[in-house]
There are 2 protein chains.
Amino acid sequence: LAEFSARRVIERKRDGEELSPSDVLGFVRGYLSGAVAEEQMASLLMAGYFRGWSETEIEALTRAYVESGTVLSFSDALGEGRRTVDKHSTGGVGDAVSLVVVPWVAACGAVVVKLSGRALAHTGGTIDKLESIPGLRVDLSGSELAEVVRLVGCAIGAAGPELAPADKRIYALRDRCGSVPSLGLIAASVVSKKIAGGADAIVFDVKVGCGAFMRTLAEAAELARLMVRLTKRMGRAAMALITDMEEPLGLRIGTGLEVLEALEFLQSGGAVADPRFAACCRAVASAMLSLALEVSELEARERLEAALADGSALARFEALVRAQGGSWEQLLRFAPAAPVLEGASMRGGYVRRVDAVLLGELAREIVDRFGPLAGVAVCARVGDRVDVGTPLVRVHGAAADFASRAAAAEVFEIGDAPPPPRPVVYEVVR
Amino acid sequence: LAEFSARRVIERKRDGEELSPSDVLGFVRGYLSGAVAEEQMASLLMAGYFRGWSETEIEALTRAYVESGTVLSFSDALGEGRRTVDKHSTGGVGDAVSLVVVPWVAACGAVVVKLSGRALAHTGGTIDKLESIPGLRVDLSGSELAEVVRLVGCAIGAAGPELAPADKRIYALRDRCGSVPSLGLIAASVVSKKIAGGADAIVFDVKVGCGAFMRTLAEAAELARLMVRLTKRMGRAAMALITDMEEPLGLRIGTGLEVLEALEFLQSGGAVADPRFAACCRAVASAMLSLALEVSELEARERLEAALADGSALARFEALVRAQGGSWEQLLRFAPAAPVLEGASMRGGYVRRVDAVLLGELAREIVDRFGPLAGVAVCARVGDRVDVGTPLVRVHGAAADFASRAAAAEVFEIGDAPPPPRPVVYEVVR
């Protein structure tokens, strides 16, 4: 056997050759063991930035990421022939979809193990939201997760540093070395963590728009297709939805406020909900359920509506909160913090644009300073007709200046004509 | 002042922006101080491999290399208004040109300070050749070099690790990280060492052909033009010759054997010499002299022929050898080592190709094993008519099998028709 040469692998990538799976595995293993130096990995990643990565290379990288750490399995906690389903959002604002769909899909008979991350930049993180529920634990070990799954049929845990640690180390290197942008490496990062987390089926919610990391539909579609193909190559079931993030998805932005929005959705059987938020929850939930139970999406939708109407989705949410140590009673007393300050429109017209990034950043600042039940509530949606003085946002529990900052003209752009309508789901990738 | 961000510099290079001189200087200074990590330098170099380097960037890099170490100056050792001239060969086989031209050009009134390297791959190094002369020292300090220059008008020293150390460190990094090929970085490396060595004028002998690092005329011409322009941007005089390295330049390959070839050229007034070797020496020497004295190349040629004919070039060589501690008496007794073994042609025809790389590697092996007066003598040149049994090479002082290896069909390719003639000097770049 020829000796593994990191330099030769770099040169071949540089010269446009496709690396073999064993090249990629050898390189990553060498990096983790110290045989491949930081500067060699940095050089390979920059060569890959210019040459791009083939799907074979990305698959090998994903396998290398998975094998670099703990790989969870829930087969002992599951019945015969059942599989776990997980979902992943590429990150949005006012996006409490996970809190709704995990118990809802579980209430329909699927096993849902959701491994989540924390807030990143302007986007919210499911883990931060859940931690607003007093007593609730998210730092569950693999066996604790399995126990919650066995009891409740679903669980939401923090994706710990033991899952795919190679990805974290390589991401930090790319961040230092200016080679971050790469759809292939994003796909490898997302898919490897889900697979290390034991998912048998994965639904990807790829957000697109000014509030998302993917700014164009073409880019979002490329990432969606890549993640679905990659997941299937790894032997798991997958679907992706490309959904809108031109404005905040739900009406509430914060941590506890988003939990409250999810709770109200389940309590009201979907009646008290923003239509865009509800549509996204329905689309993600039906994709998850159809993958988990291998039923049609039509059948999945029917089962989901039944579980929403008969209260079993809400009951499953209660069971989940309790199983993870959270106080359901305190959650039921959740209310937006006082004072409530309104930010109103300075002119009449149509809402043409709502800057989700600015609102997301503002809500994060408010929560950090004023607590989990403080935050932002959006009162005007893109396309809405407003007059001078019409409320655009309400800011809960924060100092007075936040209301004017949230309602500023750079956040809410008002024009003379309404913009064209946008769908909630642009495309489903199977 | 904005804080220097290595990551931003890398990203800008990656995205095709030209870096400013202060970006480049800041990056290299940070690398040397430890503020810029190995992996960041590796990442920048790979981005530069794909984007290329502008002449402004290369000039800044050259300045960063020069300032990273000692900078020699011979102004105290020189008379009013005189400047030092150096030459650099990109590396060849049977290329003892430096040993001829340094004393020859000095004999015509120029001040020649030649800083040389060691053998690299299949090519010979002037330092290794000089060390075959008993007693001769090449590891001269700056002040020792200046003293030899003051006494003799010329000196040949080893380019020590204190000259442009940043280049050495970055070359080693590129070597580990697969980002070696770059004409711009080669130019920065060569020019920075010459300028750190105190050269006011530089002649570049860019070798092209199967025995050289530059394989095509286009590539050699690009490097030649780049080095000349870069040297002029650095405020020094420069010329480049693009010369042939499709076969060994001189007839002898080794260390002591090449010293002998240079000695015989000077002793015979140029009469006992291979015509190709002599032509290259004349071209390089006249370029050096015309730059050093700011005279026409025609006048330079006339002065050179006079110094060759009247023995002053030879006398200068003797003075140089003696001033650096070498034994002129022992050098005069140099003779190719015994036994002399002939490698003969196995077929009749015309010599179509002589593999300089294989002969260079073979000669190096022979010298390493059998001493400095062992080596290879080429008897047949490309284009020569040979019969079965015509000697192709003589191997001096080595075991018998080396003669057949040196005369093997992959070294000497014999065909039915002569190949087209090739010039010695393809182009002069001013």
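Guide: In chain A, strand β2 (residues 111-116) pairs with β3(A) in the parallel sense over 5 bridges. Strands are DSSP runs of E with at least two residues, helices are runs of H or I with at least four, and both are numbered from the N terminus; two strands pair if DSSP finds at least two bridges between them. Within β3(A), A:Gly157 is the bridge partner of A:Leu115. Strand β3 (residues 154-158) of chain A has 4 of its 5 residues buried, so it is largely enclosed by the rest of the structure. Here buried means under 20% relative accessible area, exposed means over 50%, and partly exposed lies in between, with a 1.4 Å probe and protein chains only.

The model is predicted: local features need pLDDT of at least 70 and side-chain atom pairs count only at pLDDT 80 or more, while totals for chains, interfaces and linings use all residues. Residues are numbered from 1 along each chain as its sequence is written, chains are lettered from A and ligands numbered from 1 in the order in which they are written, and side-chain values use heavy atoms, with hydrogens and water left out.

In chain B, strand β2 (residues 111-116) and β3(B) are likewise joined in the parallel sense over 5 bridges. B:Lys114 stands opposite B:Ile156 in β3(B). These strands belong to an open sheet of 6 strands with mixed pairing, in the order β3-β2-β1-β4-β5-β13 (chain B). At its edges stand β3 (154-158) and β13 (425-429) of chain B, each with a single partner strand, so one side of each is left without a neighbour in the sheet. On average, neighbouring strands of this sheet are turned by 20° against each other, direction ignored. Helix α7 (residues 142-152) of chain B lies across β2 and β3 of chain B and runs at about 155° to β3(B). Such angles run from 0 to 180 degrees between N-to-C directions, with axes fitted to C-alpha atoms, for helices over the stretch in contact; contact means heavy atoms within 4.5 Å.

Chain B also has an open sheet of 4 strands, ordered β6-β9-β11-β7, with antiparallel pairing. Its edges are β6 (252-253) and β7 (340-344) of chain B; each has a single partner strand, so one side of each is left without a neighbour in the sheet. β7(B) pairs with strand β11 (residues 391-396) of chain B in the antiparallel sense over 5 bridges. In β11(B), B:Pro391 is the bridge partner of B:Ala344. Helix α16 (residues 356-370) of chain B packs on this sheet and touches β6, β9 (375-378) and β11 of chain B, its direction making about 140° with that of β9(B). Strands of a sheet pair through backbone hydrogen bonds, either parallel or antiparallel.

Finally, the two chains meet. The contact takes 23 residues from chain A and 23 residues from chain B. About 1900 Å² is buried between chain A and chain B, of which carbon and sulfur atoms give 58%; buried area is the accessible area (1.4 Å probe) that two parts lose on being put together, summed over both. A:Arg14, A:Glu39 and A:Phe50 supply 33% of the area that chain A buries against chain B, more than any other three residues.
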